[in-house]
Amino acid sequence: MSKLVTFNTQALLLIEKSNTKSLDDFSRPRNEMATASEICGCYRKVILKMKSPAKPTARELRQKRRGHIFEIDQAERFEVMGFREVSPEEFPDASGPCFTRQLVVEHPDHPIGAHLDFAIKHKDGSLHIIECKTTDGIPTEPYGNWIGQLHIQLGLLAVSFPGIEIRGSILAADLSKGEEQEFNSFTPDMTLFGFYVEKGLELIEAKAGRIPAESMPGILCGYCPYRGGCPSHNDQQIPIEVECRVTEYEKLDRKKKDLEKRIEPMKNELIEFFGGSFHGVTEDGIAVATTMIAASDYVDSKKVKKEYPLVYQSCKKGKAGYTKLEIKKLPPAPLAKAA
């Protein structure tokens with residue numbers, strides 16, 4: 001690792017340490033609290049992280065920094081559109097349009113709380129909260145834990161600001177592609193919120209060691225530092241969230257293969273029409289170009305191996321292993337014959 005990369009990683013560790021201090025500003029210690037992100041995650045991971053915190057990798061630090069930078073950018077966009085930023089302490093009494101970051105909301109009767117990425121107050125006094133997510137590829141529908149986290153935040157805000165109109169949305173961004181997608185139209189659902197409160201109380205019992213911590217497998221298990229020994233990965237049961245991803249992948253893979261079958265003959269027809277050297281643009285603004293690629297030599301490895309085995313052995317290089325993924329729809333099971 002280069003000196004500059006090492007330097008930057010150490011800097012990110014210090015930034016992470018500074019940023020996570022604000023996550024402990026609840027009225028109770030974190031080991032006595034259940035937060036929105038914890039309630040919608042894996043309880044086993046929460047407990048193990050509390051007892052044996054894993055040092056974040058350089059990649060995880062850069063990913064977290066990416067999310068923090070996105071929130072800074074979003075704040076600038078609110079300001080340029082006429083929303084002034086106020087501190088979390090000023091927000092309850094401030095007049096709209098305004099916004100604040102990392103507003104702490106807690107349940108008045110239970111040790112359950114959340115940090116809101118953005119809380120917005122409009123001119124008419126209505127409130128809107130935004131949960132920001134940075135991803136590699138934006139899903140067609142928000143993940144279940146994203147929705148659950150937002151519903152807990154909406155419920156806590158409704159308890160803190162009774163009688164006020166409240167809405168919420170999830171803003172997902174793929175920064176590498178420059179794409180954003182808002183999942184909106186969420187409002188407080190106090191029945192659903194009550195369910196999550198009960199789940200939060202279970203987590204607090206698990207934190208205290210009075211009940212076992214339940215493992216909750218999901219699409220992010222592959223990134224969990226505590227996956228080793230997890231009981232949910234011993235029986236190889238596929239959680240619903242992952243099943244949905246498998247189904248989506250299988251459908252897209254079939255479409256890709258069908259498209260490849262259609263594209264190849266179409267490609268040959270177009271080459272025959274345009275010839276080996278052509279540059280043009282259609283009326284719809286689609287550029288078309290054909291270019292002749294010169295013939296090149298290649299080595300027949302099978303022949304070399306057979307006729308010159310010593311040369312083949314001396315030139316042979318190892319190839320790194322990789323994980324192969326195969327997903328295909330199985331044919332329906334045959335019907336049982338009538339007795």
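In what sense do strand 4 and strand 5 pair, and over how many bridges? They run antiparallel, with 4 bridges between strand 4 and strand 5 (residues 127-134). Keep in mind that this is a predicted model.

- On the strand 5 side, I120 has H128 as its bridge partner.
- The hairpin of strand 4 and strand 5 has 5 residues between the strands, and G125 in that hairpin takes a positive phi near 90°.
- Strand 3 (residues 98-106) also pairs with strand 4 in the antiparallel sense, this time over 8 bridges.
- One of the residue pairs to look up here is L103 with its bridge partner L116 in strand 4.
- Strand 3 is joined to strand 4 by a hairpin, with 5 residues making the link.
- Strand 1, at residues 34-35, pairs with strand 4 in the parallel sense over 2 bridges.
- For T35, the bridge partner in strand 4 is G113.
- As a general point for reading these strands, side chains in a regular strand alternate between the two faces of the sheet.

**Helix 4**

- Helix 4 takes in residues 58-80, which makes 23 residues.
- From first C-alpha to last, helix 4 reaches 33 Å, close to the 33 Å expected at 1.5 Å a residue.
- If you want its buried positions, they are L61, G67, F70, E71, Q74, A75 and F78.
- Just after helix 4 comes G82, with a positive phi of about 100°.

- Helix 7 has 35 residues and reaches 49 Å from its first C-alpha to its last, close to the 51 Å expected at 1.5 Å a residue.
- Buried residues in helix 7 include V242, E250 and D253.
- G275 follows helix 7 and has a positive phi, near 80°.
- S277 counts as exposed because its relative accessible area is 65%, and the cut-off for exposed is over 50%.
- S277 and E241 are 36 residues apart in sequence, and their C-alpha atoms are 49 Å apart in space.

**E38, a buried glutamate**

- E38 is part of helix 2, which spans residues 36-39.
- Why call E38 buried? Its relative accessibility is 11%, so it counts as buried, with the cut-off at under 20%.
- Setting aside neighbours within four places in sequence, E38 is in contact with R30, M33, Y43, V46, L203 and K207.

**Cysteines**

- How many disulfides does a search of the whole structure find? The count is 0.
- A disulfide is a covalent bond between the sulfur atoms of two cysteines.
- For C98, the closest cysteine sulfur belongs to C132 and is 17 Å away, so the pair is too far apart for a bond.
- C98 is also buried, at 0% relative accessible area.
- C244 has its closest cysteine sulfur in C221, 15 Å away, which is too far for a bond as well.
- The cut-off for a disulfide is sulfur atoms within 2.5 Å.

Terms used. Residues are numbered from 1 along each chain as its sequence is written. This is a predicted model: local features need pLDDT of at least 70, side-chain atom pairs count only at pLDDT 80 or more; totals for chains, interfaces and linings use all residues. Side-chain values use heavy atoms; hydrogens and water are left out. The expected span of a helix is 1.5 Å times one less than its number of residues. Buried means under 20% relative accessible area, exposed over 50%, partly exposed in between (1.4 Å probe, protein chains only). Two strands pair if DSSP finds at least two bridges between them. Contact means heavy atoms within 4.5 Å.
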